[in-house]
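Please look over the sequence and the model shown here.

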Amino acid sequence: SELLLASCSQDSLIRVWRLCAKSATDTSAEDDHTVIKMKEDVFEVKDRGMVLVFAVSLETVLAGHENWVYGVNWQPPVYKGGELQQPLTLLSASMDKTMIIWAPEEGSGVWVEQVRVGEVGGNTLGFYGCQMSPDGSMILAHAFHGALHLWCKDQDKEVTIMTV
């Protein structure tokens, strides 16, 4: 009943939005000013005579890049125990020549940077887009001049190390 949507922009920030279905009773209830909660924007979608109500709210703002963020991509869903599961892992690519893997911390749920990879120096521009393998062991970026950059997780290390 809920969906997370990631967006990126030229202000170097990534925003993660929470979209959820609402019932008609949820939208007609008066605001309770004694409860602290995120602001929700509620909207209706009319489809074949049915009216569906949804709410969208800002889940988090991720700041870690120093230039325009051109691409964000969720880790693809994987089958575990015969069930399709979607990892909450987000990959971002920026014109600052870095890619960042983001995920919420287990205890607090706060989104933090897990891994940062990229290019140092040179006269090239950064990355336009990115993709993550389903198991999260490889990430790929395509650069302004058409180059592909691939990083692989070192399986022998306890700490996540990505190598070119």
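**Cores, strands and rings**

The largest nonpolar core has 13 residues, and those with the most contacts inside it are Leu 91, Met 99, Ile 101, Val 117, Phe 127, Ile 139 and Trp 151. A nonpolar core here is a set of buried Ala, Val, Leu, Ile, Met, Phe, Trp, Tyr and Cys residues joined through side-chain atoms within 4.5 Å. Buried means under 20% relative accessible area, exposed means over 50%, and partly exposed lies in between (1.4 Å probe, protein chains only). At least two residues of this core come from each of β8, β9, β10, β11 and β12 (138-143). There is also a second, separate core of 10 residues, which includes Leu 4, Val 69, Leu 90 and Trp 102.

The model is predicted; local features need pLDDT of at least 70, side-chain atom pairs count only at pLDDT 80 or more, and totals for chains, interfaces and linings use all residues. Residues are numbered from 1 along each chain as its sequence is written, and side-chain values use heavy atoms, with hydrogens and water left out.

The chain holds 1 helix and 14 strands. These elements are DSSP runs numbered from the N terminus, with helices (H or I) of at least four residues and strands (E) of at least two. Of the 164 residues of the chain, 31% count as buried. The accessible surface comes to about 10800 Å², and 53% of it belongs to carbon and sulfur atoms; the areas come from the Shrake-Rupley method with a 1.4 Å probe, and for residues only the protein chains shown count as cover. Among contacts (heavy atoms within 4.5 Å) with a separation of 6 or more, 46% are made by residues 24 or more positions apart.

Two strands pair if DSSP finds at least two bridges between them.

Another antiparallel pair is formed by β3 (residues 41-47) and β4 (residues 50-63), joined by 7 bridges. Asp 47 stands opposite Met 50 in β4. The hairpin of β3 and β4 has 2 residues between the strands, and Arg 48 takes a positive phi near 50 degrees there.

Now to the aromatic rings. The whole structure contains 6 aromatic pairs. Rings of Phe, Tyr and Trp (its six-membered ring) pair if their centres lie within 6.5 Å; planes under 30 degrees apart count as stacked, over 60 as edge-to-face and the rest as tilted. The ring centres of Trp 74 and Trp 111 are 6.0 Å apart and the planes stand at 70 degrees, so this pair is edge-to-face. The pair links distant parts of the chain, with Trp 74 in β5 (residues 69-74) and Trp 111 in β10 (residues 111-118), 37 residues apart. Trp 74 is partly exposed at a relative accessible area of 21%, whereas Trp 111 counts as buried at 9%.

Phe 127 and Trp 151 make another edge-to-face pair, because their centres are 5.9 Å apart and their planes are at 85 degrees. Here too distant parts of the chain are linked: Phe 127 lies in β11 (residues 127-132) and Trp 151 in β13 (residues 148-153), 24 residues apart. Both residues are buried. One aromatic cluster is formed by Trp 68, Tyr 70, Tyr 128 and Phe 144.

Two loop residues remain. Which residues does Ser 12 touch, not counting residues up to four places away in sequence? Ser 12 touches Leu 62, His 65, Glu 66, Asn 67 and Val 69. Ser 12 is found in the loop between β1 (2-8) and β2 (13-22), and its phi is positive, about 70 degrees, although Ser 12 is not a glycine. Its relative accessible area is 17%, so Ser 12 is buried. Lys 97, in the loop between β8 (90-94) and β9 (98-104), also has a positive phi, near 70 degrees. Lys 97 is buried, with a relative accessible area of 14%.
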